[in-house]
Amino acid sequence: MTNFVFKQCTNFVVDAYKESSIKFDEAQNQEKGRTYSSLSSMLKENFFLGSTKFGENFIA
């Protein structure tokens with residue numbers, strides 16, 4: 001009985017590790033977000049992007 005419980009717990013840990021490893025690899029392979037060299041270049045592209053990044057009361 002003890003051997004069965006140990007095996008069941010070990011399988012749970014192995015499955016959790018495998019799942020987290022797969023999700024970590026997926027996160028590493030995602031595309032990088034857009035980066036801007038300056039605030040003005042970001043605002044030239046879209047004002048609303050600046051307002052969401054710097055707050056609702058952001059004024060260009």
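1. Let me start with Glu19 and Lys23, a pair in helix α1, which covers residues 2-28. They sit four residues apart, so about one helical turn separates them. In this predicted model, their side chains meet in a salt bridge, with 3.5 Å from N to O. A search of the whole structure finds one salt bridge, so this pair is worth a look on your screen, being about one helical turn apart.

2. How exposed are the two partners? Glu19 is partly exposed, with a relative accessible area of 48%. Lys23 has 52% and counts as exposed, because the cut-off for that class is over 50%.

3. Now for the fold as a whole. The chain has three helices and zero strands, and from the N terminus the order is α-α-α. Helix α1 spans residues 2-28, helix α2 runs over residues 39-45, and helix α3 takes in residues 47-54.

4. How much of the chain is buried? Of its 60 residues, 7% count as buried. The chain exposes about 5900 Å², and carbon and sulfur atoms supply 58% of that area.

5. Setting aside residues up to four places away in sequence, Glu45 touches Arg34 and Tyr36.

6. A friendly word on confidence. The average pLDDT of the chain is 77, and 70% of the residues score at least 70. Where is confidence highest, and where is it lowest? Helix α1 has the highest mean, at 89, while helix α3 has the lowest, at 62. Where pLDDT is low, the predicted coordinates should not be read in detail. The salt bridge between Glu19 and Lys23 belongs to helix α1, the element with the highest mean confidence.

Key:
Residues numbered from 1 in each chain as written. Predicted model: local features only at pLDDT ≥ 70, side-chain atom pairs only at ≥ 80, totals over all residues. Heavy atoms only, no water. Helix = DSSP H or I, 4+ residues; strand = E, 2+ residues; numbered from the N terminus. Buried < 20%, exposed > 50% of the residue type's maximum accessible area, 1.4 Å probe, protein only. Areas by Shrake-Rupley, 256 points an atom, 1.4 Å probe, with all protein chains shown as cover. Salt bridge = Lys/Arg side-chain N within 4 Å of Asp/Glu carboxyl O. pLDDT = per-residue confidence, 0-100. Contact = heavy atoms within 4.5 Å.
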